[in-house]
Amino acid sequence: MPKWLLLSLAAGALQAAVIRGVVVENQTGRPLARALVTVQPVAGTAGAPLSVRTNVYGAFEFPPLAPGAYLVTASRRAFATLQYGQKRWKAAGVPVILDEAGTVALSLRLPRFGSIAGTVVDENDVGLPEHEVMAYRNTRPPQLVTHAVTDDRGMYRLWGLEPGAYLVRTAAKKGDEDSYLPTFARETSRVEDARPIEVELDLQTDDVVVRPFPGRLSSVAGQALTSSQVPVTVTLVSDMGSQSTVSDSSGNFHFDSIGPGLYELYAQAPSDRRVGGGLQAAFLPLLVDRERAEAHLRLGPLADLQILVEDTQGQPVDFTLFQVMARRKDLSGDGKPETLRPNRGHVSLLPGRWDLALTPTAGYYVAKFSAIQSDNAGRDRADGWNEIAAAGGPLTVQFVLSPHPGVVRGAVTGANREPVAGAPVYLEPYDPAARKRLADLRVTRTDMQGKYRFYGLPPGDYRILGTFEYQSPDSAAMDAAAARSVKVEESRDVALDLELYVAQ
Amino acid sequence: MWPSSRVISPRPESPSEPRPSGSGPNTSILACLLTVCSLHAAVVRGTVVEHQTGKFLARATVVVEPIAGTPGATVSMRTNISGLFEFSSLAPGTYVIKVSRPGFMPVEYGQKRWNSAGAPLFLDDSAPAFLAIRLPRWGAISGTVVDENEIGLPEHDVVAYRNTRPPQLVARSRSDDRGVYRISGLEPGAYLVRTAGAQYEEGAYLPTFGRESIPVENARLVDVLLDQQANNIDVRPFLGKLFSVSGVAIPDPPETPTKVTLATDMGRQTVNAAGIPAVFQFAGLAPGAFEIYAEAPANPDPAVKLQGAYLSSTLRDDVKGVSLTLSANSNLTFDVRGGLPRGLESGQVQFEARRKDLAGEGEIVAVKLVNGRAQLAPGRWEVRLLPPAGYYVSSFSGSGSYRSARARPDGWNEILVNAYGAFARFTLASGGSSLSGIVKDGANLAAGAPVYLEAWDPDSRQRLVELRTTRTDARGGYSFRDLAPGAYRVLATFEYRNPDSAVMDAANAPSLRIDAHSDLQRDLDLYVIP
């Protein structure tokens with residue numbers, strides 16, 4: 001007998017709630033075979049997440065489930081994942097609520113991601129083949145999302161794009177006699193003048209033509225000197241991305257076909273031939289404004305970062321009670337966060353700019369951060385990313401943890417004052433005077449009784465919002481939804497009930 | 001429809017020569033030679049445009065090549081922003097004009113059809129010649145890979161084959177998120193389209209010919225034309241089980257990164273196996289014959305030495321635990337029997353090699369010999385010797401090759417290199433035979449006419465060595481030198497730029513037998529398709 005049946009008989013409850021339905025392609029209504037459908041119980045509903053695949057007719061049915069609330073998602077390769085009940089793209093899914101013998105039949109329509117298509121042409125509107133084209137999110141700096149290469153007709157297609165505003169740009173290209181500079185659609189080299197292109201689901205934005213400027217491209221060449229004769233990995237970074245190359249054994253490297261602008265050069269190599277030896281590195285900002293830019297890097301040992309973590313009494317805190325994350329920052333944006341593993345409080349960092357964040361266990365919050373050697377003397381909100389500059393010398397940072405975090409909790413109710421189960425609640429650390437978000441958004445979902453709880457909070461000003469309208473609202477969205485302000489204090493438990501926000 | 005290149009200003013006509021009646025090139029060259037030609041410069045100018053739209057093609061390359069007998073060297077230039085070019089200091093004579101631009105089919109001025117040779121142009125100093133040249137684009141095939149509900153299958157490889165038996169792999173492409181694929185750069189002709197087999201999380205699809213056939217017999221033929229895209233060539237692949245081949249590569253030292261390649265009749269895939277152990281895996285494979293080879297640099301001089309391994313087998317189920325121990329001893333001894341002929345230095349004799357596998361032929365590499373030996377990684381290879389002028393390859397023997405009595409040593413010779421090495425022994429003989437003559441077009445001499453010489457086995461009806469090509473000179477004369485003895489066919493025609501054996505058949509190309517150390521004279525009639 002299946003285990004779930006035994007357990008539910010023992011609990012006296014009957015598991016007969018049925019979730020079934022069909023998954024189709026949004027644009028055409030055609031069935032999507034072999035799509036993945038997942039049910040996730042909301043906190044308070046018995047059971048674990050479960051997945052099934054649709055059959056050849058796009059139909060699915062879950063085995064009988066415990067009564068409660070479930071979030072249903074459907075996905076299939078090359079389609080955008082859908083949360084059942086989401087009002088629009090990037091809205092949160094609404095849980096399906098079932099009692100003991102409830103049955104629900106769902107129709108899940110999966111949209112396709114958007115795409116941008118067009119042609120790269122020369123001055124006579126003739127297509128240019130084998131020209132690389134990139135799509136960037138229209139942020140500052142622009143964030144590279146995907147790229148494509150033009151075919152023999154000069155046509156390209158950038159696909160898999162989430163809805164939003166994008167910039168399209170061709171890469172530098174060197175021909176036998178002719179070179180083209182990186183150019184934004186339709187015909188500009190400046191990001192400020194680039195025309196943003198709107199992308200929507202299930203839609204292809206056509207005819208995005210780019211006419212790249214012919215022009216002289218530069219080369220960046222130089223030497224990366226190390227103490228040992230090892231090849232050096234050299235990376236050239238701009239606000240549009242990065243490329244890497246490996247030097248020869250004398251440290252000579254070069255990059256060809258580089259457009260003019262501001263760059264950063266990073267170099268890194270093993271200290272010696274032994275496997276497992278240390279690293280040596282260097283960093284150099286570079287302006288490319290003539291045909292040949294020279295750069296000389298001398299690699300040295302990595303910066304030694306000492307991480308001090310103390311409590312409010314000045315006592316060191318056990319390293320097992322928290323995690324330190326770091327992400328490299330360069331012209332092209334923020335890198336991927338990685339977890340640091342300090343050795344007796346020390347860690348080696350490659351040169352450049354870094355963000356550090358400390359994630360304490362429950363019961364603590366990050367009260368203060370300071371970088372000892374610099375002027376950075378403790379900001380107000382240290383619980384997010386804190387920027388430091390590593391330059392080769394020793395560096396010490398200090399985190400102060402306080403064991404008295406605040407708590408915010410309450411219930412989310414709907415229009416008829418009924419509790420809303422599985423509703424997303426968003427808590428934003430917010431500076432009301434500067435009108436700015438200070439640290440990453442915190443997210444949770446209400447349980448079966450409509451209750452939510454945020455804990456481990458640093459004291460300060462926040463805004464809070466309970467709504468299905470978004471999956472990750474930014475400050476402007478919180479404004480538009482008239483999010484409530486809430487003040488968190490040390491060791492205080494703030495009770496705050498929220499009305500579910502529904503956009504008009 | 002074939003785009004024609006037109007001469008806008010008329011060529012000068014000599015009163016003493018009759019106009020040619022056939023469709024060959026102009027022959028007032030003879031008139032020029034009979035009178036005293038002044039050494040004023042000949043001028044040729046023109047425009048290059050996109051055939052389909054008439055748009056100017058800037059930066060197209062125009063090459064003007066004199067045929068033998070016309071003074072001067074080959075010159076080239078690029079069209080300007082309006083697609084214009086001008087050559088203004090050419091010696092009067094006969095030239096072949098070739099035009100190209102990336103993304104377009106290259107064109108020889110005066111060619112009749114897409115695969116014809118260009119007709120030479122006579123230029124003198126009386127008036128500039130103006131040419132209007134139209135470049136077409138290669139053909140393309142496009143369609144969608146769909147599942148049983150007509151939903152597109154993303155990231156599914158699609159392969160185009162020429163409709164030969166066995167089908168010849170031409171190009172490969174990958175479907176996008178909508179399942180749409182496009183294969184471009186295709187010559188006109190008949191093709192077969194086949195999905196390559198794909199493994200998704202939710203299941204696997206077998207290689208399937210369009211529209212819905214596993215065996216090639218029921219595959220849909222696709223006709224491809226220049227400047228056109230064959231659309232809606234959809235394929236609905238069958239669901240099935242695909243297999244994987246996995247194992248380890250064992251190089252020395254063990255941390256050397258190794259390249260491992262799998263070859264089937266669907267193409268090649270290469271992966272990097274690094275780490276200890278150097279694991280590799282090829283997934284999503286259909287049952288059938290396959291070959292695996294591995295290559296890595298070897299000590300003491302990784303720039304020169306290499307190590308390799310080779311394995312061939314048939315896939316019927318998952319193959320696990322393949323163990324490729326790389327050997328650095330696969331030295332191939334290249335030997336010229338009897339040593340190099342007197343008067344020749346080793347630098348004058350060049351060897352070339354290319355891999356041969358189920359996916360076809362690999363890239364040609366020049367073989368660098370050190371003390372008569374070179375390193376080739378284990379596997380199937382083809383090797384050839386490029387003799388200097390005055391010599392020809394008269395025999396070949398090599399390891400692992402089954403040589404039929406009919407095989408010709410002056411072309412590519414297949415050998416098998418195993419972990420312990422191999423040998424390739426050539427015999428160089430001096431003073432090959434030659435074939436020469438005059439090509440006539442009716443009563444006139446055909447100047448600048450292409451002549452093709454094919455080494456041909458009349459019994460097996462097969463081409464044995466790569467085609468040799470030349471063009472006649474200003475007096476219609478051609479010659480081929482340093483020929484190995486054997487059976488040949490020869491054809492003089494403008495109709496084709498690269499005739500295959502079937503074309504030589506259709507044209508009734510005359511057969512001839514060339515004996516050793518002989519000079520054969522053979523005049524030819526210019527072949528014109530009736």
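**Exercise 1.** Is Phe209(B) buried or exposed?

*Solution.* Start with the cut-offs: buried means under 20% relative accessible area, exposed over 50%, and partly exposed in between (1.4 Å probe, protein chains only). Phe209(B) has 4% relative accessibility, so Phe209(B) counts as buried. Tyr161(B), at 3%, also counts as buried.

The model is predicted: local features need pLDDT of at least 70, side-chain atom pairs count only at pLDDT 80 or more, and totals for chains, interfaces and linings use all residues. Residues are numbered from 1 along each chain as its sequence is written, chains are lettered from A and ligands numbered from 1 in the order in which they are written, and side-chain values use heavy atoms, with hydrogens and water left out.

**Exercise 2.** Classify the ring pair of Tyr161(B) and Phe209(B), and locate both residues.

*Solution.* Rings of Phe, Tyr and Trp (its six-membered ring) pair if their centres lie within 6.5 Å; planes under 30 degrees apart count as stacked, over 60 as edge-to-face and the rest as tilted. Over all chains, 14 aromatic pairs are counted. For Tyr161(B) and Phe209(B) the centres are 6.2 Å apart and the planes stand at 45°, so the pair is tilted. The pair links distant parts of the chain, 48 residues apart: Tyr161(B) lies in strand 11 (residues 157–162) of chain B, and Phe209(B) in the loop between strand 16 (203–205) and strand 17 (221–224). Strands (E, at least two residues) are DSSP runs numbered from the N terminus, as are helices (H or I, at least four). Chain B has 2 helices and 45 strands.

**Exercise 3.** Which ring lies under the charged end of Arg355(B)?

*Solution.* A charge sits over a ring if NZ of Lys or CZ of Arg is within 6 Å of the ring centre and within 35 degrees of the ring normal. The ring is that of Tyr293(B), with the charged end of Arg355(B) 3.7 Å from its centre. Arg113(B) is placed over the ring of Tyr496(B), 5.9 Å from the centre.

**Exercise 4.** Describe how chain A meets chain B.

*Solution.* First, contact means heavy atoms within 4.5 Å; 32 residues of chain A are in contact with 34 residues of chain B. Next, a salt bridge is a side-chain nitrogen of Lys or Arg within 4 Å of a carboxyl oxygen of Asp or Glu. Between the two chains the count is 11 salt bridges. Arg59(B) forms a salt bridge with Glu123(A), with the closest N and O atoms 2.7 Å apart.
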